[in-house]
Each structure stands twice: as structure tokens, then as C-alpha cells.
Amino acid sequence: MSLVSLNNIAASYGKKPVLQGVNLDVRRGEILTIVGPNGSGKSTLLRLVIGAFAPSKGELTRAPDLRIGYVPQKLQADPSLPITVRRFLNLPRRVGPAATKAALVEAGVANLADTQISNLSGGQFQRVLLARALINRPNLLVLDEATQGLDQPGSAAFYRKIQEVRDNLGCAILMVSHELHVVMAASDRVICLNGHICCEGAPEQVASAPEYRALFGSGTGGALALYRHDHNHSHEDCDHDHDHPHSHKAAE
Amino acid sequence: MSFLDDFMVRAALAGLGLVLATAPLGCFVVWRRMAYFGDATAHAAVLGVALSLGFSISLFLGTLVTALAMGVLVSSLSGRTFAMDTALGVLAHAALAAGLVGVALIDGIRVDVMAYLFGDILSVSRLDVGLIWLGAAVVAALLIWRWQALLTVTLSPDLAHAAGLDPRREQMILTLALALAVAVAIKVVGALLIGALLIIPAAAARSFSGTPERMALAAGVIGSVSVLAGLAASYHWDTPAGPSIVCAATALFILALLGRGVRI
């Protein structure tokens, strides 16, 4: 059974429709990425899944054993609120020192337990948010543009960490990102969203779909080429050689 | 003859009771940048005074209801057409002005408006002291009950949503707590200085606190010292009590700034 299942879902803010006719299953253990232009409803889709927003139409079913860990887009840490990483991880439920330590180790920031969150760098803060999301042993980790504000090596490292977490914990991962090339390299399945689902499938299928190219242009084709080089996969559709010359420019 | 017969003892007890509510509440006012919100609620209480006198209802009830109405109104108005501070500015000053006009219009009652703007802690009765402690205990209990949820909502409404909390509900709890604190405080420090008692001890506590809990406790200690020092100053130099308390709190705030860097 899927963790979350959306059946013909529509959502709107006031009278403005944001999503319509969305059918989506989040399967156990998969890394599912949502891409789409600004205003395409990506964040709304995540908010539906975590239960922060109610659909105006359609049916949303959650598996009875669903445990969601959520990594928000950004968190404004107001410097007037003193709080250590350790204390932050124990909100809103106190989980105790052992679980806190384990989550920090899993996210690779065990040394930051006593740091004030207002003193964390962008990358450290994302790791701490990841640790917080992992604390109740989720089987679905939801990330909303989790690497906003990180530089490219920083976000690449973060997504490698996400893959590692999935491999260790076996949780499914649902994420939204602007960084198509990095995200696609890490995904099992990609959904291209623009008010409705334009296309979906394995990363290389989506990247070559006309709907995707219509939204993102051919520039990102190069980014995917970078992905192919990096991973040295063999593909049936090898007749894309002509893409490669631009691709290196596009990737830089 | 009990020690409650001494007006200074009653004043001290009233002030300390108020601090029990304002210390943790003031922390949230600082963290959530609600300083102006607190002022607006307090100003609305002056309108509540006018209404209580006009309709002969209890002062406590009148100020509580108007402060609460103001909180709800501001919460629902903000973020639509006007920025929060504009909505607050209109409502707070309108309520204060309408309250002052209303008090002046009421026939046959001689009212010292200054008592409601600046408070008159030296004239609190035994009943007042009891009411203040009761109100403060309710505020403190509300905040302790919702402490973890309120902290989560303050840090990130998104995280709160994901944890199954409703940020609007938690905001309402704070609004309610604020209205209660204002209703019990108006007699002690008055409508114009309630904001000071909320914010100054919390701000002073910030510089040497490492966790939210320590900041709330430190604000309580600073607030209590301010009350006692302010009353002592008022007694010795015959200065107005409410403003003296706020001056004492400000002096502690300056000391805390000078000693910054020391964490507890």
C-alpha cells in the first residue's frame, strides 16, 4: 500500500485554483521529486500531504502507519529567542537525550547539540532541520526546497545525505526543488507540476518529455547530460549526443 | 490586623503577582515581535474602563472583554489590506481616544483617568490582590500547558502544521493570555506601562539566557526585583509607583546590556 495517495485532488487559495486533477501515489522507500515553475503548486502539494492544507476536491488517503518527518523551506530563527539545537529537537514533543543524539548523528551534526540555532550556518541549519525531521523515525520524509540559500556544493552534499538517509532508514522521500540537475540525480521518480501533473516518470524520461522542455527549455537538458556523465549509466536512448556540447556550458 | 493591612505589602504582592504572568508572556511578546500588539490590547483596556463605568459592570470584566476583542480584531484584520502595524496603529489609538472621550462623557462620576493610564498600585485592595494572583495564575497555567506548542509555532508555523498543531489556535491562546494580563495589570501599572512590564524584563533576560525556559525565569526574577525596587524608590522619594517600577526595570535592562556575554 502507498504511504500517501492523492485521488483527483484539487486545491485553491480563496477563488484562485492552484492544483487540479492531481493523482499521485507516494510509494514506500522511493525518492520522489516534484519540479515545476514558480506558482505551479509544488509547495501546496506538500502542504496537502503533511496535512497543513485541506483539498477543495478529491480524496487524500494516508497509510495508517504513516509517520512524516518534515524539513521546511526556511526557518527564520529570530535572535531574540535563545534556543539550543538540543532543545529545538525536543519540540513540540520531548523525545529525550538518546533519540536526540541518534538523530543528530544520523544527520551528521552530532557536534552541534549545544550550539544556539541563531549561530548556525545555512548548511548546518539544514542538517539540524533534517535531524529534527528524523527524530520520530519517519517512513516519509518531506522536504520543501530544503537547500534554498545553500551554494551548489552545499546542496549537492545535502542531497547525498538525503540519499544516505533513505538507504539507512528505508524511508520514502518526497521533495520539491529548483535545482533540477542535483535533484534529478538523486531521484527515483520525478513529477513535473504546473497546476496539474504535466508528466512523470524516471528522471531521464521526464527530462526528455516535451511537456518538461516546454516548461524549462532545453537548457536543463544539459544538466541532465551532466547527470548521465557523472553516473556513467547506460541508456537505450543514446542518440542525444548532440546535446552534450551545450550541456557543459549550461551546467556551469 | 494582618500584614495585608499595610498598603505597601499589598502593592508588593500585586506587583509580584503581575510579574508571574508578564514574565513568560513578555518572552512570547518579544519572540513573536508582538510588542505593538501588547500596546494595542492595553490601550483598548481604557475603552473597557469607560464601558465598565458607563454600564456599571465590573472593571475587570470590562477591560478583559475589550482587550480580548481588540486582540481578536487585530489578529483577523492583519495581513489583508493593511500591514499589521497599520491596523494596530488605527485600532489602538482609536480605542484609547474613544475610551478617554467616553470616560469624560459619563455624568455624575468623578473619574481620575490618570489612574487607568498610569495605574495606582498603592491603592490596590485585598480583593484586587486576590484577583491579580488569580488572573496571573491562569495566564501562567495557560502558558505552561501550551509551552511546547507555542514555542514550535513561534519558531515555524510550517513545522507546527507538520506536527499537527494549529498556529491560529496557539495565537488565540496568546491573545487570550495577553487580554487577561492586561485586565489584571491596568490597576497596577496602568494601560500605558503594561507594555513596558511585558517587554523590558524579557529583553533584559535575553542577553544572558541560553534556552527559552531560562529566559522566562530570568525575566521573572528581573520583573520581581523591578517591582520591589520601584516600590522602595516610590516610598523613599515620593515618586509615582508604576513609572518607578518601569524605571527600575529599565535600569536592570541597561545593567544586563553592560554585562552581556555572560550566559546562565
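This report walks through a predicted model, starting with a sheet in chain A and ending with a pocket in chain B.

Because this is a predicted model, local features need pLDDT of at least 70 and side-chain atom pairs count only at pLDDT 80 or more, while totals for chains, interfaces and linings use all residues. Residues are numbered from 1 along each chain as its sequence is written, chains are lettered from A and ligands numbered from 1 in the order in which they are written, and side-chain values use heavy atoms, with hydrogens and water left out.

## Chain A and its sheet

Chain A has ten helices and nine strands; helices (H or I, at least four residues) and strands (E, at least two) are DSSP runs, numbered from the N terminus. Of its 252 residues, 52% count as buried, where buried means under 20% relative accessible area, exposed over 50%, and partly exposed in between, with a 1.4 Å probe and protein chains only. Among contacts in chain A (heavy atoms within 4.5 Å) between residues at least 6 apart in sequence, 66% join residues at least 24 apart.

Six strands of chain A form an open sheet with mixed pairing, in the order β5-β6-β7-β3-β8-β9. Two strands pair if DSSP finds at least two bridges between them. At the edges stand β5 (68-71) and β9 (197-201) of chain A, each with a single partner strand, so one side of each has no neighbour in the sheet. From one strand to the next, the twist averages 15 degrees. Angles here run from 0 to 180 degrees between N-to-C directions, and axes are lines fitted to C-alpha atoms, for helices over the stretch in contact.

Two helices of chain A pack on this sheet. Helix α4(A) (residues 122-134) touches β5(A) and β6(A) (140-144), and its direction makes about 165 degrees with that of β5(A). Helix α5(A) (residues 152-169) touches β3(A) (31-35), β6(A) and β7(A) (172-176), and makes about 155 degrees with β7(A).

| Strand pair | Bridges | Direction | Example bridge |
|---|---|---|---|
| β5(A) and β6(A) | four | parallel | Y70(A) with V142(A) |
| β3(A) and β8(A) | four | parallel | T33(A) with V190(A) |
| β8(A) and β9(A) | four | antiparallel | I191(A) with E200(A) |

## A closer look at the strands

Strand β8(A) covers residues 189-193. Five of its five residues are buried, so β8(A) is largely enclosed by the rest of the structure. From this strand, R189(A), I191(A) and L193(A) point one way, and V190(A) and C192(A) the other way. V190(A) also stands opposite G201(A) in β9(A). The hairpin of β8(A) and β9(A) has three residues between the strands, and there G195(A) takes a positive phi near 85 degrees.

## Two cysteines without a bond

Do not expect a disulfide here: with the rule of a pair of cysteine sulfur atoms within 2.5 Å, the count over all chains comes to zero. The sulfur of C192(A) has its closest cysteine sulfur in C199(A), 4.2 Å away, which is too far for a bond. C199(A) is likewise in no disulfide. C192(A) is buried at a relative accessible area of 0%, and C199(A) counts as buried at 10%.

The largest pocket holds about 880 Å³ of space. On a 1 Å grid over the protein atoms alone, a pocket is an open set of points where a 1.4 Å probe fits, with protein on both sides within 12 Å along at least five of seven lines, and lining residues have an atom within 4 Å of a point. Grid points are joined across faces, edges and corners, and a volume is the space filled by probe spheres set on the points.

Of the 27 residues that line this pocket, R32(B), V153(B), P157(B), P167(B) and Q171(B) lie nearest its centre. Helices α3 (59-77), α7 (147-155), α8 (157-162) and α9 (167-185) of chain B each supply at least two lining residues. The largest share, four residues, comes from α9(B).

Elsewhere in chain B, I144(B) is found in helix α6(B) (residues 126-145). I144(B) is exposed, with a relative accessible area of 65%. Its C-alpha atom is separated by 21 Å from that of A35(B), 109 residues apart along the chain.
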